[in-house]
Amino acid sequence: MNRFKLRSVERKDIEDLFELSKLYVFINLPSNLDIITEKVNSSIKSFESPSEDLSKNHYIFVLEDLDTNKVIGCSMIHAQHGTEEEPHFYLRVSQENKFSNSINTGFIHGTLKLGHDTNGPTEIGGLILNPNYRGSDQKLGKQLSFIRFLFMGLNSDQFKETIHCELMPPFDSEGRSPLWEAIGRRFLNMEYHDADILSRKNKEFILSLFPKGTIYETLLPIEARNAVGKVGKDTMPVKRMIENIGFRYINEVDPFDGGPHFRAKLKEISIVKNITDKKIEHSAESNSEESYLITPFDKQDSSFTGYYCKGTVKDESFIIDKSYEYIFNELKNKKIYLTKI
């Protein structure tokens, strides 16, 4: 069994993250060494001394294969997405009823309308896993996703009450966004990918150029209508995963591609609600079916470490399976916090 560790990013991880960025086109992890270095430095600063201005705090978590000493995945948190300087933009998905008494005919039209939030929620994103590690029985993608909730639950004062997540919609056979082709390209006159990258640093062009009135879905091509609020095939497991822990679709979508927005109250997310502290003990057997994330959390520590393992909670102790002896050796004699996943 491979050995893994979840932890806050370090400067030594920059080259590994750069290699990871080459595997796909990632908006949150562009294949640019300077940008990755800037992101890593920002994360280290956030872990060491988070700003009172939550919008400046960005956290990166990595998954390290301890047998190869390589980072094989990452996930991210932005403590506040949406400010006066950089609003959070969305399309509100609604309906409008139309009826004519004279011809006794009515229609229910789906509508989209641009909105923005200048006091936004905490946002999770940037979940990336090396494809060679997918399908592992150690639930590596789930580890990377859920470690963020364990961290936020133990540091709730550093995050907003509401947690926000944007999911990827379906794209066509050529990798294009049907909604972008129907609306965005007509008003912004640029490629979807270029607009998405630009929007990470400059929001003004959205407010200035995007249509502000009601957009009737009836007027859009069927491909665009079918993309609104939907997720792509590869994103379905992520959708099920976040719904299972408490996230819900909020009738808002990304203004560029129509990807759905999901939210949950931090304290109501099951991963957070189930956090408890225990003394760690070692089992001579490997027969537990229950999976946990555990951490030797210390509020004074400027870094964060976590592990996925199987074990059993008994009274005031967490009895870790024999298979995870390397974790026990690392954490014995320490107080740990854990949550069932």
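Reader: Let me start with a pair I picked out: which residue of E10 does Arg248 stand opposite?

Author: Arg248 stands opposite Arg263 in E10. Strand E9 (residues 248–253) and E10 pair in the antiparallel sense over three bridges. Strands are DSSP runs of at least two residues, and helices (H or I) are runs of at least four, numbered from the N terminus. Two strands pair if DSSP finds at least two bridges between them.

Reader: Before we go on, what kind of model is this?

Author: It is a predicted model, where local features need pLDDT of at least 70, side-chain atom pairs count only at pLDDT 80 or more, and totals for chains, interfaces and linings use all residues. Residues are numbered from 1 along each chain as its sequence is written, and side-chain values use heavy atoms, with hydrogens and water left out.

Reader: Thanks! What lies between E9 and E10 in their hairpin?

Author: Six residues sit between the strands, and Gly258 takes a positive phi near 80 degrees in this hairpin.

Reader: Which other strand is joined to E10, and by how many bridges?

Author: Strand E7 (residues 162–166) is joined to E10 by five bridges, and the two run antiparallel. Cys165 stands opposite Phe262 in E10.

Reader: Is E10 mostly covered or mostly uncovered?

Author: Strand E10 (residues 260–265) is mostly covered, with five of its six residues buried. Buried means under 20% relative accessible area, exposed means over 50%, and partly exposed is in between (1.4 Å probe, protein chains only).

Reader: How would I apply that to Thr162: buried or exposed?

Author: Thr162, which lies in strand E7, has a relative accessible area of 17%, so it is buried. Leaving aside neighbours within four places in sequence, Thr162 is in contact with Pro121, Thr122, Arg263, Ala264 and Lys265. Contact here means heavy atoms within 4.5 Å.

Reader: Now the helices. How are two packed helices described?

Author: By the angle between their axes and the distance between the axes. Here, helix H1 (residues 14–21) and helix H2 (residues 33–48) pack at an angle of about 130 degrees, with their axes 10 Å apart. That makes H1 oblique to H2. For the terms, axes are lines fitted to C-alpha atoms, for helices over the stretch in contact, and angles run from 0 to 180 degrees between N-to-C directions. Angles under 35 degrees count as roughly parallel, over 145 as roughly antiparallel, 65 to 115 as roughly perpendicular and the rest as oblique.

Reader: Which residues make the contact?

Author: H1 brings Ile14, Glu15, Leu17, Phe18 and Ser21, while H2 brings Leu33, Ile36, Thr37 and Val40. They divide into six nonpolar, two polar and one charged. In this scheme Ala, Val, Leu, Ile, Met, Phe, Trp, Tyr, Cys and Pro count as nonpolar, Asp, Glu, Lys and Arg as charged, and the others, Gly among them, as polar.

Reader: Why is H1 called largely enclosed?

Author: Six of the eight residues of H1 are buried, so the helix is largely enclosed by the rest of the structure. The buried ones are Ile14, Asp16, Leu17, Phe18, Leu20 and Ser21. Their cover includes H2, strand E2 (58–65), strand E3 (70–78) and strand E6 (122–129).

Reader: And which way do the residues of E12 point?

Author: Ser291, Leu293 and Thr295 point one way and Tyr292 and Ile294 the other way, and all are buried. Four bridges join E12 to strand E13 (residues 305–314), running antiparallel, and Tyr292 stands opposite Cys309 in E13.
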